[in-house]
Structure formats: structure tokens, C-alpha cells
Amino acid sequence: MHGSGLIDVLWFLLASVLAVPLFRRFGLSAVLGYLFVGLLLGPYGFAVISDPDSTLAISELGVVMMLFVIGLELSPPRLWQMRHRIFVAGGIQVLLSAALLYAVLLVFELRWQSAVIVALALALSSTAVVLQLLSERKQLSSAHGKAAFGILLFQDIAAIPLLAAIPLLGHAQSKSEHFTGGMALYAILVLLLMILLGRHVMRYLFRAVAWTQMREIFTAMALLLVIGTGWLMHSVGLSMGLGAFVAGVLMADSEFRHEIEAQVEPFKGLLLGLFFISVGMTVNLATIVSSPLLISSGVLFLMAIKAGVLLMIGKWQSRIGLRESALLAATMAMGGEFAFVVFADSVRFGLIDALLRDRLVAIVGISMALTPLLLMAMQAYFKRYPIETVAPIYDNIEDGHPRVVIAGFGRMGQIVGRMLGARKISFIALENSVSQVALSRKFGSMIYFGDPTRIEVLQSAHIASAEMLIITADDPETNLKIASLAKRHYPHLRIIARARNRQHAFRLMDTGVAVIRETLHSSVEIGKMAFIGLGIRQERAEEYARLFLEHDEHIMAEQYLAHDDEAALIASAEEAYRELEALFDADRKDRPDTDQP
């Protein structure tokens, strides 16, 4: 690469490194940062890059790779498990939003083909921005977060036929080219052949490439799969993205899925960023400035229509609360990155002109920029005017007098419960997760919905007559609350508590309960297996494991006496390691590890 090409790349990299982190610093999307870079570098900005079309052609591979990665995530079993949130809620959102937007677009006397494509494109939201906002606010597992994720999956699926429809509708209007019924049949046959044979052929090729043990060849094969399937679909008049998406779905449940995704992901991110830069380069800033009222009205209509539909879906279809529904609406009312792809293809196939494309790109970009600000305002309002929460109605526990009460019935609690049940030892389990209670009851567990950090819940579980309380909740702070509460009200009750780590164990020991560190015994077992795998006799490996546990318990007791002194703890840990090493050395001198001379 020489001359202007190398200079263009340097400008792209420099502007991206400076602008994108700045946008993220202010809570805005990286997509907006890339668009801003393109606006600055393009012919309508400082004209550093005068020919955006050539860059746009290469950067479209980023969109193709994004669709391929989406396909890798959508295996048929996963789609079926989330079918209600994806196909029902997602289908209603896309179709109803598109219908309302279509009605608005007809006012501007667009042809029905153009209005359909634009309305469907605007009905989609930004997967990257929505997931980023939910992740930043730790709301992916919230009610509106789960609803948003399901709708986004449907939107990603809906984008595929939308992209495929653009050349069909575009050709239908073109006088120079005609997409005949024979061409459509040929395209369908090629697609079916790819679906039927592609899975087996691609797996065979990846097995052959994996056999070489050469990572660069595997990377080349992954890129060949994405670009090759995209070219195949493009050659029969369909979208390159459609071919890449189908290839991703075919490989979603293969043994190479994660390795393929790891190889494609860096190229996808770079090329997708380049695509957004290229889109920004095509934005005519003068056109936007000349019609501010039209564009601001477009943003208002877009976000208001989509927000109204999403609010209805959240409240009546997904059955989440009003505020959760409002957060869902605010998070997803924006336009999405797929719209940029659709608008670019629509210009190419004559569905819309460049002026309308520039205005639509501005509307989508502004809506994406406003979304973080809107969410910040809503969060501030909710914090200032909190709603009174209704206390959950816990189960009425009618069982007699269990010998054991288990607080928390997750991974560890279930194992303890199975062991007690096998010996016919009566127990009651308390769990604060409705879904966990429902799942465990399917297998006949004696589990009840209740918050074990509340004394009235513990009393309803007949803890006063129980012989033992076992605390196995996942959250360390919850374990501490339960231990302190139970020890204060029932000082003679035997309590065993799960500890996350050494510091958590010390805090539990302060309450006077017995402590089991959750990873200690499994880690010692792994160490024992490592000894055996390295040639040490099994009985010697078991002896080392026993010595380690005894030594660790002794050190634990000593460190507890000074656990508030960090310097003393560090010194104790160093001394403990030297003692353990000496202990192992002395034992090895008495008896050899192996039978070898």
C-alpha cells in the first residue's frame, strides 16, 4: 500500500483512536463516534477523504461478518427456548412499528416499495447500542433487559429478509434490469442447496483444516466461509448478508463454533467500524442544516411511535411493570445500525435518492445520540420519585419439624439437599428466586419461596426446633446477614455457612458459625489429580491432599486472630507457604513419591 491509500488508513486510525474513546467517555455509543469521524474526514467535512464510495464497498464486509456472528448465536434449540420473547413480542414490535411508520412515510408521497423498506429499517433498533447500555447499567438480567434481548434477536432475524428484499424491489422498479421469476427460482434453489449440503461440507472442511494445527489456515478458512457464502448469495441476486447469516446458523451447533467466532470477531469489529465511518462520510451536513425542522420532526416521530409500541408490548404482552416498560421503550426507541445498511443499499437499487438517505441517516444517528441522555433523565426521575414496592407474598410453610433448614437452594444447596434426602433426613429449603423455586419443585425438592434474611421467614420454617441451619446462598453479603440473624436469635443452633473466599470466611467466623470455603475441597481434589497425572502414586497424592487440608485449616485459625491486620496476613501467608513446602519435603524424604529408583 503506497501514497494516498496509506495516508487514508492513517487518518482513519488516528481519528478513531481519538474520537471513539471520547464519545464513550461521555456515555455515548461507539457507533456515533465512528459516524462523527466519517463526518469529519468525508467530502462534506474537512474533505480529507474525497472518495467514500471505494471505502464503503470494502467496509460492507463488516456488516456481512456481523450477520455471520449473529447466525452463530442463533442455534435452533436456543431459538425455540426463547420463542415467545423473540417471535411474539419481537414480531409485534417490528410489524406494528413498521405499519405506523409506513403510514407517516406515505404522507411524503413515497412509492409503496420505498416506504415499506424505509419503515421496516426504522422499526429496527441498534443491537450494539442497546446491549451496551444494558450492560453498563447491569440491567441485562432485568425484566426489561430480557424483553429487549428477545426483541433484538427477532430484529436481527428480520433484517435478513429485509436486506434480501431490497434488490428484488429495486430490480422490480429498474428499467434496465429485470428480476424474472426464473431468477427468483434459481436464487431459492441455490439457498436451499446451501442449507441442505452446506452444513456437512463446511464441517468436513473445518475438520480437515483443524487437522493441520495451523491457526492462520483456520483463520483463512473462517474468512473464506463468510466471504464465500456472501459472494454466492450476491451472485444470484440476493444479499451477501443473507448468505453469511445462513452459514452462521449452519455452524451454530458445530464443535468449531467458538473458534470460528474468535477468528472472525476482530475482523468484524474493525470492518464494522470502518463501515460506520464510511456512512458518516456520505452524510451531507449542508443538507441537514438546511432542513432542521424536518429532521427534528423525523426524530420525534420515530422515537414516539416506537416508544408507544414498546410500552404497550412491555405492559400487556411481556407483562412487566410500568416503569420497566418505560425503560424498555426508552432503551429501544432509537434507530439501528441496520438502517445504515438498508439506506445504502436502497440508494444503490434506486429505492430512495441520496438526499432522503442523508436525512434518514441523520434521523437515526440523532435518535441514537439522544437515547443515553433519555435513559439518564428517566433514571434520575425514578430515583427522585421512587414507587412503593409491595412486599412479596412468601409461601406458607406447613411442613412439620425439619431437622435441617437450608438457606439458599442454588448449586451448593441442591447438592446438600440431595445428600440429606438420600438418607431420609427431613429438611426445608428457602430460596428467594421464584424461577429457582419453580425449577427445583419439578424434581420434588422440599423448597419454599422466602427470604431467609428475614426472621419471620426463618420462624415459619420452624428453625426453632431444627437441629442445624446450612447457609448456601450465592451472595456473600446475604450469607452474612443470615448467619448474624440466626446466631443472634438462636445462639445454640448449629450453623454451617458457605464462604466465597478467605476474607468472607473471616467475617462469617466473627459471627461464630462453622465455615466451608466453596472452592477449597474441589481445588484440593484437582491438585490431587494433577499429582497422580504427573506420576505420583495415588496413596501419596491422597496423603499430600490430606496434609494440605490439615495445614490450611491450621493456618486459617492462626490468620483469623490477625485478619484485621493486612501486613500480618501477608507475612503469615509467606510463612505458611514455606511451612507447607518444608512439610512436603520432609514427607517425601521419608517415603518416595513413585516406585521408580
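**Labels and the values behind them**

Modeller: Gladly. Let's begin with Leu 192, which counts as partly exposed because its relative accessibility is 44%, and that label covers values between 20% and 50%. Keep in mind that this is a predicted model.

Biologist: Where is Leu 192 found?

Modeller: Leu 192 is in helix α9, residues 181–211.

Biologist: Let's go inside. Which residues have the most contacts inside the largest nonpolar core?

Modeller: They are Phe 68, Ile 260, Phe 340 and Phe 343, in a core of 121 residues. Helix α8 (residues 143–173) gives the most to this core, with 14 residues. Phe 68 touches Ile 260, and its other contacts include Leu 225, Phe 245 and Val 264. Another core, of 28 residues, lies apart from it, with Leu 430 and Ile 482 among them.

Biologist: How many aromatic pairs does a search of the whole structure find?

Modeller: The search finds six.

Biologist: Why is the pair of Phe 87 and Phe 154 called edge-to-face?

Modeller: The planes are 85° apart, and an angle over 60 degrees counts as edge-to-face. The centres are 6.3 Å apart, and the limit for a pair is 6.5 Å. Phe 87 lies in helix α5 (residues 83–106) and Phe 154 in helix α8, so the pair ties together parts 67 residues apart in sequence.

Biologist: What makes Phe 409 and Phe 427 a stacked pair?

Modeller: Their planes are 25° apart, with 6.4 Å centre to centre, and planes under 30 degrees apart count as stacked. Phe 409 lies in the loop between β1 (404–407) and α18 (411–422) and Phe 427 in strand β2 (residues 427–431), so the pair ties together parts 18 residues apart in sequence. Phe 409 is buried at 2% relative accessibility, and Phe 427 is buried at 12%.

Biologist: How do you know that Arg 348 and Asp 345 meet in a salt bridge?

Modeller: The distance from N to O is 2.5 Å, and the cut-off is within 4 Å, so the contact qualifies. Both residues lie in helix α16 (residues 337–348), three residues apart, about one turn of the helix. Arg 348 is partly exposed at 47%, whereas Asp 345 is buried at 12%.

Biologist: Which other salt bridge links distant parts of the chain?

Modeller: One of them joins Arg 403 and Glu 467 at 2.9 Å, N to O. Arg 403 is in the loop between α17 (354–384) and β1, and Glu 467 in the loop between α20 (455–460) and β4 (468–471), 64 residues apart. Arg 403 is partly exposed at 40%, and Glu 467 is partly exposed at 43%.

Biologist: And what about Asp 552 and Arg 517?

Modeller: Their side chains meet in a salt bridge at 2.3 Å, N to O. Asp 552 is in helix α24 (residues 538–560) and Arg 517 in strand β6 (residues 514–517), 35 residues apart. Both Asp 552 and Arg 517 are buried.

Conventions: Residues are numbered from 1 along each chain as its sequence is written. This is a predicted model: local features need pLDDT of at least 70, side-chain atom pairs count only at pLDDT 80 or more; totals for chains, interfaces and linings use all residues. Side-chain values use heavy atoms; hydrogens and water are left out. Helices (H or I, at least four residues) and strands (E, at least two) are DSSP runs, numbered from the N terminus. Buried means under 20% relative accessible area, exposed over 50%, partly exposed in between (1.4 Å probe, protein chains only). A nonpolar core is a set of buried Ala, Val, Leu, Ile, Met, Phe, Trp, Tyr and Cys residues joined through side-chain atoms within 4.5 Å. Contact means heavy atoms within 4.5 Å. Lists of a residue's contacts leave out its neighbours within four places in sequence.
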